[in-house]
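Please go through the model below with the sequence at hand.

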Amino acid sequence: MSLRLLPVPDGLVGQRLDTALARMTGLSRSKVEALCAAGRVRIDGAAVDKAQRLEAGGMIEADLPDPRPPAPVPTPVEGMGILYEDADIVVVDKPAGVAAHPSVGWDGPDVLGALRAMHISVATSGAAERQGIVSRLDVGTSGVMIVAKGERAYSVLKRAFREHTVDKVYHAVVQGHLDPSSGTIDAPIGRHPGREWKMAIIAGGRESITHYDVIEFMPRASLVEVHLETGRTHQIRVHMAAVGHPCVGDATYGADPTLSARTGLRRQWLHATELTIAHPITGSRLTFHSDYPDDLAHALDVLRLP
């Protein structure tokens, strides 16, 4: 931690402290709220509540995390397996609790740091902290993720994901019973107007299309296969919550805490189970598969009980 002195900008006068400080520092609002609760944020020397409105001429004093280095740090990640590797790509089985790459406000492990610890080099294209990353998974989502090792592979894969020629298959367990059991959710997604760390269906958001098929109905939940036509942040989680069936364990998007506690889940039941691509260099069709990790498999067993 290091002390930062931040004059209140004119454009943020009247804003809540947590919202304004998140915008000023790039930290998540939840991180800022935790700093406020710990007494690490003050205005003109006095401790303040996260909801306090900023006044003109004020000085925010904050003990902030030291900035994350721009490049990934070699950090072994227990449980992250390699599903496939050649000279051009590496396909990993990402555990939950691991980010795709370093970012402001995240101080946990990431895929690129884990690959460095394995002495696996990746493409240098892209911003320094996310070189080689062509598609990401949420921190709390496990499963198949691909990283480009070469520059040509990076360019070709980026275009493939942008043009939606990659087949990504997810499995999710959602609350209740979807009706109809197969369908499409087509609703635009953008930043939540009141909570910058969340996404929401909003007018003017980016086009977002999710196709789903129920695999299995359970007493209080449904196991669903999901295909994404677009790849927006939190897309499956937002769409399922919007139709009244949030992913089990997903407190951010309205999951029932009692049901989550029953399963023992500490994150959303969402897994990237399969990825099919045309190899960026050879063009051959490749499919990679990831089995459910132990926490999701256990939760599924619990939910199958009457």
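What follows describes selected elements and their contacts.

The model is predicted, so local features need pLDDT of at least 70 and side-chain atom pairs count only at pLDDT 80 or more, while totals for chains, interfaces and linings use all residues. Residues are numbered from 1 along each chain as its sequence is written, and side-chain values use heavy atoms, with hydrogens and water left out. Helices (H or I, at least four residues) and strands (E, at least two) are DSSP runs, numbered from the N terminus.

Helix α4 covers residues 151–162 and reaches 17 Å from its first C-alpha to its last, close to the 16 Å expected at 1.5 Å a residue; the expected span is 1.5 Å times one less than the number of residues. Its buried residues are Ala153, Tyr154, Leu157, Ala160 and Phe161. Buried means under 20% relative accessible area, exposed over 50% and partly exposed in between, with a 1.4 Å probe and protein chains only. Seen down the axis of α4, these buried residues fall within an arc of 135°, so they line one face of the helix; the arc is that of the directions from the helix axis to the C-beta atoms. The face turned away from the buried side carries the exposed residues Arg152 and Arg162. After α4 comes His164, with a positive phi near 60°.

What covers the buried residues of α4 includes β6 (89–94), β7 (142–148), β8 (167–175) and β14 (270–278). In β7, seven of seven residues are buried. Strands β6 and β7 run antiparallel and are joined by six bridges, with Ile89 partnered by Ala148 of β7. Two bridges join β7 to β14 in parallel, and Ser142 has His271 of β14 as its bridge partner. Two strands pair if DSSP finds at least two bridges between them.

Leu115 is found in helix α3 (residues 111–117). At 0% relative accessibility, Leu115 counts as buried. Leaving aside neighbours within four places in sequence, Leu115 is in contact (heavy atoms within 4.5 Å) with Met80, Ile82, Val90, Val92, Ile120, Val122 and Val147.

Elsewhere, four strands form an open antiparallel sheet in the order β1-β4-β2-β3. β1 (2–7) and β3 (46–47) stand at the edges, each with a single partner strand, so one side of each is left without a neighbour in the sheet. β1 pairs with β4 (residues 59–64) over six bridges in the antiparallel sense, and the bridge partner of Leu6 in β4 is Ile60.
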